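Please read it alongside the model.

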Amino acid sequence: MGNSKSKNQSHPLPIDTTFKFPSPLPTFPPGESGFAEGVIDLGGGLKIHRISSFNKIWTTHDGGPNNLGATFFEPSPLPQGCFSLGHYCHPNNKPFFAWTLAGKDDSPDGAVLKKPLDFVLVWSSRNSNIKRDTDGYIWLPTPPNGYSAVGHVVTTSPEKPSVDRIRCVRTDLTEPSEKENWIWGLKESIDENGFNIFSFRPKNRGISAAGVSVGSFAAISSTATPLPVLCLRNSVSISSAIPDISQITTLFRAYAPLIYFHPKEKFLPASVNWYFSNGALLYNRSNESNPVRVEPNGTNLPQGAENNVEFWLDLPIDGGAKELVKHGDLRSCQVYLRVKPMIGGIFTDITIWIFFPFNGPATAKVGIINIPLGKIGEHIGDWEHITLRVSNFTGELSKVYFGQHSKGEWVDAPSLEFENGNKVVAYSSLNGHASYSKAGLVMQGGGEIGLKNETAKSEMVLDTGANFSVIGGEYLGTAVVAPPWLNFVWKWGPKIEYRISEEVEKVEKILPGRLKEGFRNFVDRLPDEILGEDGPTGPIVKDSWNGDERS
């Protein structure tokens, strides 16, 4: 990778540092799939290689995130017989950590990849005021009939590039695309009516979705403009390169998160079987006065939505046992893994599900005042998760999803904190158990009023790699046996009995007049996962069990 620092720039940019993991990647045991072999067969005669070496083409020094500009690259060198499908763009505000795909036409007639017929100039820097060392030009290939463009070409000359620089892909081997992350634009934030560059991904994503991200970028004249480039399509098998159970074990032990809990945290996680063995109860709406103690592994739990009878779980009735169970048991805690192919099978997601018997009360920050919200936020049976996304080309950790109440955020590997080699560091928020990549305070809400999500390191830490069980992974065959409790589709906690309005009134009494209405509006906007009026559901009921994460 070339240096992107301009002649007038005295300090290096983040992109001038190439990200490296603290420790070498693990050595994977041999498997029957094509995992970590560097190439994936998408079917139809199209094979793809992951390229992570590049030649710099052009750099802009302002606009985009943090007003630091972006740098454009061409993948190089390419394996023999492979062709570029599109150039790559990286924001200058992040360490360099990049990949894009190159295609190889392995069909008998050589009709999978074709040269473009021509190029159309999408944008150039000639008439702009952005800082740059030279001018840059972004071109869109004009594909032959029956073919589609999946990437752009970037040059430093106003002359059209050679048609040998890129290949278009037969349209039946492509999928619709959508914008993913903003990479660069002429301003410091997205200009809805101006030129922007985005990464893009398949529009449909999930364990059976065939769309494959190319790793290139989409250049558009406004955010309302349809994307001019498509994703690839896996037409053969999205599980052809997924790791087997032994490789999953190696992967997870290498990257398994270390989850730190706040020094004031009282409500810790526990193994599901610890919860059951310490008196968790199963309730039946038709016989509510006679709860049944849950058997080990949930063998007596109803499976599926049988007869439309309503069930839920609850803490033990005995006061002492109830308090014991509410506080969990970190020492014996086991986490539960869901393994699934994603983005057309070029990635594997390993989702780590963590069970908390109890979710503590929330705290609001109103102006400079911290206000405990009484029972708001409390609920029984709290499921949280973190997802590792791993490249099936290399076994390299690409990014991590941190679940935060009803949504969450993806964090790329260079922005993560690591300990003990390549183990990801995560922080669980006080009482609410949302997960974050950094310690500190995150406010949920806006203006003067927000919900506090406090995280900090303490001696309470969960090494998720020390005690785990794979509970979901259809593509792993008989190696995965789901526990009976996984198919309990009802609530893992009862519907709460308190009235939200009464709790809000208690808080409003201590607020100045101008903040009363704002506080009530703030509470009305809180998601159900925080208000907890209804008990939470288990992992298999969540949209992300089979789909992509919400961010």
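Predicted model: local features only at pLDDT ≥ 70, side-chain atom pairs only at ≥ 80, totals over all residues.

Residues are numbered from 1 along each chain as its sequence is written, and side-chain values use heavy atoms, with hydrogens and water left out.

**Cavity**

- One cavity of 30 Å³ or more turns up in a search of the whole structure; a cavity is a set of points, on a 1 Å grid over the protein atoms alone, where a 1.4 Å probe fits but cannot get out.
- The largest cavity has a volume of about 70 Å³, volume being the space filled by probe spheres set on the points.
- Its lining (residues with an atom within 4 Å of a point) consists of Ile 259, Phe 261, Ile 354, Phe 356, Glu 384, His 385, Ile 386, Tyr 427, Ser 428, His 433 and Ser 435.
- At least two lining residues each come from β20 (258–261), β25 (347–359), β28 (379–391) and β32 (423–428); strands are DSSP runs (E, at least two residues) numbered from the N terminus.
- β28 gives the largest share of the lining, three residues.

**Cysteines**

- The structure holds zero disulfides, a disulfide being a pair of cysteine sulfur atoms within 2.5 Å.
- Cys 82 is in no disulfide, and the nearest cysteine sulfur, that of Cys 168, is 16 Å away.
- Cys 82 counts as buried at 8% relative accessibility, where buried means under 20% relative accessible area (1.4 Å probe, protein chains only).
- Cys 333 also counts as buried, at 3% relative accessibility.

Technical notes
1 Å grid on protein atoms, 1.4 Å probe; cavity = no way out; pocket = protein on both sides within 12 Å on 5 of 7 lines; lining within 4 Å. Helix = DSSP H or I, 4+ residues; strand = E, 2+ residues; numbered from the N terminus. Buried < 20%, exposed > 50% of the residue type's maximum accessible area, 1.4 Å probe, protein only.
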